[in-house]
Amino acid sequence: MGIHPLDSEKAAVELHDGVVYLRWTPGAMVTAKDARAVMAKVRYLCSGRHRPMLVDMARMEGVEHKAREIFAAPWPLTRTAIVGTSPVDRVIVSFYLARHSPVCPRTPY
């Protein structure tokens with residue numbers, strides 16, 4: 001289906017071989033607006049089907065509180081793998097998982 005950049009240029013979402021790929025731009029600070037845009041793109045690409053997702057969050061700056069709340073909503077996903085390259089990435093994922101009950105299994109790093 002191709003790459004679908006978000007209006008903010010902070011992320012790109014792609015559906016390839018049945019897998020949703022979400023890539024955050026290095027240095028991105030994810031806002032509630034960004035989170036809503038990502039959720040809308042993922043729902044659109046999934047077209048009512050539950051799919052696996054791979055999130056590349058390498059070198060993100062962070063995720064605002066309201067964005068984390070939005071990401072805690074149900075996703076049309078079967079499984080999520082989150083990858084990053086720095087200790088900051090690990091802290092962001094650990095913080096999120098400690099405060100939210102994922103609706104599907106997540107595999108950090």
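A salt bridge here is a side-chain nitrogen of Lys or Arg within 4 Å of a carboxyl oxygen of Asp or Glu. Keep that cut-off in mind for the next two minutes.

Some ground rules. This is a predicted model: local features need pLDDT of at least 70, side-chain atom pairs count only at pLDDT 80 or more, and totals for chains, interfaces and linings use all residues. Residues are numbered from 1 along each chain as its sequence is written, and side-chain values use heavy atoms, leaving out hydrogens and water.

How many salt bridges does the structure hold? It holds 3.

Start with Glu69 and Lys66. Their closest N and O atoms are 3.8 Å apart. Glu69 is partly exposed, at 38% relative accessibility. On that scale, buried means under 20% relative accessible area, exposed over 50%, and partly exposed in between, with a 1.4 Å probe and protein chains only.

Next, Lys10 and Asp34. Their side chains meet at 2.9 Å, N to O. Lys10 lies in the loop between β1 (2-5) and β2 (11-16), and Asp34 in helix α1 (residues 32-46), so this pair ties together parts 24 residues apart in sequence. Is Asp34 buried or exposed? Asp34 is buried, at 3%. Lys10 is partly exposed, at 22%.

Last, Arg23 and Glu14. This salt bridge spans 3.3 Å, N to O. Arg23 is partly exposed, at 33%, whereas Glu14 counts as buried, at 17%.

Methods:
Helices (H or I, at least four residues) and strands (E, at least two) are DSSP runs, numbered from the N terminus.
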